[in-house]
Amino acid sequence: MTAPFPTPMTDASQRLLSPEDLEAALRDIGTRRYHNLHPFHRLLHDGKLDKDQVRAWALNRYYYQAMIPVKDAAVLARMEDASLRRVWRQRIVDHDGDAPGDGGIERWLKLAEGVGFRRDYVESTQGILSATRFSVDAYVHFVKERSLLEAIASSLTEMFSPTIISERVAGMLKNYDFITKDTLAYFDKRLTQAPRDAEFAIDYVKQHATTPELQRQAMAALTFKCTVLWTQLDALYFSYVAPGMTPPDAWVPGTGLVAEVAEVAQAAGTGTVRSADVPRLPRGVRLRHDEVRGQHVLLAPERTFDLDANAVAVLSLVDGQSSVRDIAVKLAETFVADPDVIEADVLVMLNDLATKRVLER
Amino acid sequence: MNAITPNTPSLPAPVGLLAELTHRCPLRCPYCSNPLELDRRSGELDTATWQRVLTEAAGLGVLHVHLSGGEPTARNDIVEITQTCARLGLYSNLITSGVGGALAKLDALYDAGLDHVQLSVQGVDAANAEKIGGLKNAQPQKLAFAERVTQLGLPLTLNSVIHRGNIHEVEGFIDLAVKLGAKRLEVAHTQYYGWAYVNRAALMPDKAQVDQSIRIVEAARERLKGQLVIDLVVPDYYAKYPKACAGGWGRKLMNVTPAGKVLPCHAAETIKHLEFWYVSDHSLADIWANSPAFTAYRGTDWMKEPCRSCDRREKDWGGCRCQALALAGDAAATDPACSLSPLHTKVRELATEEAAETPPDYVYRTIGSNVDRAAPPPLKEDAPL
């Protein structure tokens, strides 16, 4: 099978390298190809991206995070040695956690929520770029199809990640007011996990890449992995920086977010009606007597509420000045009843109308 | 006020009047609910006649008036008509595309006492929306219009008609409604009458897409409870039971066309043998009680089996007469959207098949075209599809 990605055809690929030289050659791939060199990352870390561009990154990168345990499980499934599996399975635990609410994927979701996304939207992955999906899926296929050595070698980008994480956390905290330390909690763990994982993987590769051909395969695998990461940033740059060509169905700013939702809800005066609140009928909602049918109705957008005598008594007192408590007290006087009991009934009714968006406070 | 009263003592009064003020519209949506043969400006009712119709409607018991079209703001007297509604205590609902002169008239409509605005949105992505509506630069106009509606404090409903060209945008419609400050969103799957019937193959989504859209709406309803009310109209062809069209024939609604013809529903003219009366010849009360078009399918007497003995006959009233005619070739047949119709399986298969094919180009709505012949023929029980 021919390698789909170019392998550096240096002298190093034609003769057997010492383990130390092999490690140096692998590290050299990182210094030339790792995605910290990508223009998108430079923009991200230097604070040159706007909030929506950071969102696009967080959203797309989620798919990579979410598929990492799938990738690692595929690697694990190919390991016939229990001692290898014991080490490797820790990666899955790190990402998935031992319980809901724990683990790297969860922390990435927190990051996505931190920049304003709805969790379910992120998890659906429906807004990610197709290039993200293709790259990540290619990685999963790679570790299934290639040798175990290549699968393990492809994870060696972890050797380079502590650098990028430090740059990223510092840069993002400094440059974006919408990013907090909590939002970036994902990276705290990775700072210790990645070197531990990388150490194991590099030892394995150094020990098992015992011929020039195997060493070449290991280098090609790492090169491939670098392109998996690089391509994802190419796609982000192309869609959300320049020329700004967003493919159909990909996320567009303003969608999938929860933050604005909360702001709008506050502004529109929605939410639970409580005793001290002053309820009012907004424009477009009217209490009216219907002479033809001989009853009161509440007219609202696209619907009519038939009202019984109690409802009419309450709504007649909704004047935009009286609180729910005031209304209950007045009704209690009229009907000679306990104002607390009346208030409870009034709250149920008014909250029902508020839920239907025909009453505000 | 005309003294004629309904001749059936139990006849309920209509609650809604759909006033199609004009068929003129800057948009050319391929699913337009207007008839294929559109009324021309020269044939439209004048202001005084509309005011008389509204006065009669209020006397008859109508509570809601839906000022619709076409594009209702294309009428020069839209503000005057709205004022008349307010004076009569009628709840006025402007059903608008938000383009053309709509924004320019909005403040005056607000001052005239307009109660509610229902704004159509064809898509979330501007290019897609404008392709569907057949009008360049429509989307920014709509967004600006929506912004002014909420600025004025008028309640806003967004209406999105869903089909295969925008079904991937359901989530986006929800987000857009929230962003624009709408209180209601209608996620209305296309109903295949009129222009939508002609364009059915271009519009029909597949079952999986429909199911997905329903799941999205249900999740959003829960999430946005108390903030956004979402009304969902599911597509007939994939339903189990038909909908009670217009709340039942001649039970709740009257529809007055630009030329003054009074219909039980906006598609009723497709039933060619019906006799419709005009507001120029009869009072609304007379039409409601006695017009042959209204009495033809009112109640349950006209029903055949399986409707006649069905437990649901007073729930969905046999479904839609126009759809029964279009699909079964008989307006008194059970609506083939109903799982009890012998044609139901065929309808489902037809929808599945059309949704699987490459969609043909839209036949855009235009005044004075002759597209009747492009409409798909009725199904036959024994004929292969």
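Strands S2(A) and S3(A), the latter covering residues 303–306, pair in the antiparallel sense over four bridges. Helices (H or I, at least four residues) and strands (E, at least two) are DSSP runs, numbered from the N terminus, and two strands pair if DSSP finds at least two bridges between them. This is a predicted model, in which local features need pLDDT of at least 70, side-chain atom pairs count only at pLDDT 80 or more, and totals for chains, interfaces and linings use all residues. Residues are numbered from 1 along each chain as its sequence is written, while chains are lettered from A and ligands numbered from 1 in the order in which they are written.

Back to that pair of strands. Leu298(A) has Phe305(A) in S3(A) as its bridge partner. The two strands form a hairpin with two residues between them. Which residue in the turn has a positive phi? Glu302(A) does, at about 60 degrees. Most residues other than glycine have a negative phi. Glu302(A) is partly exposed, with 19 other C-beta atoms within 10 Å. On that scale a residue is buried if 20 or more other C-beta atoms lie within 10 Å of its own, exposed if 12 or fewer, and partly exposed in between, with C-beta atoms placed from the backbone.

Asp290(A) stands opposite Gln295(A) in S2(A). The S1(A)–S2(A) hairpin has four residues between the strands, and Gly294(A) takes a positive phi near 65 degrees there.

Together the three strands form an open antiparallel sheet in the order S1-S2-S3 of chain A. S1 and S3 of chain A stand at the edges with a single partner strand each, so one side of each is left without a neighbour in the sheet. From one strand to the next, the twist averages 35 degrees; axes here are lines fitted to C-alpha atoms, for helices over the stretch in contact, and angles run from 0 to 180 degrees between N-to-C directions.

Now the rest of chain A. Its secondary structure comes to 15 helices and three strands, and 35% of its 361 residues count as buried.

Helix H10(A), residues 185–208, has 24 residues and reaches 35 Å from its first C-alpha to its last. That is close to the 34 Å expected at 1.5 Å a residue, where the expected span is 1.5 Å times one less than the number of residues. Where does H10(A) bend? The bend is about 35 degrees at Leu191(A), and Pro195(A) follows within four residues; the bend at a residue is the angle between axes fitted to the seven residues ending there and the seven starting there. Buried residues of H10(A) include Tyr186(A), Phe187(A), Asp197(A) and Tyr204(A). Among the elements that cover them are H1(A), H4(A) and H11(A).

One more item in chain A is the peptide bond from Ala242(A) to Pro243(A), which is cis, with omega near 0 degrees. Pro243(A) sits in the loop between H11 and H12 of chain A.

Next, the contact between the chains. It takes 29 residues from chain A and 28 residues from chain B, counting two residues as in contact if their C-beta atoms, placed from the backbone, lie within 7 Å. On the side of chain A, the elements that give two or more residues are H12(A), S1(A), S2(A) and H15(A). The largest share, four residues, comes from H12(A).

Chain B has an open sheet of nine strands with mixed pairing, in the order S7-S6-S5-S4-S3-S2-S1-S8-S9. S7(B) and S9(B) stand at its edges, each with a single partner strand, so one side of each is left without a neighbour in the sheet. Within the sheet, S3(B) and S4(B) pair in the parallel sense over four bridges, and Ile95(B) has Gln118(B) in S4(B) as its bridge partner. Helix H5(B) packs on the sheet, touching S4(B) and S5(B), and its direction makes about 165 degrees with that of S4(B). Helix H9(B) also packs on the sheet, touching S5, S6 and S7 of chain B, at about 160 degrees to S7(B).

Last, Trp317(B) has a positive phi near 55 degrees. Trp317(B) lies in the loop between H11 and H12 of chain B and is buried, with 26 other C-beta atoms within 10 Å.
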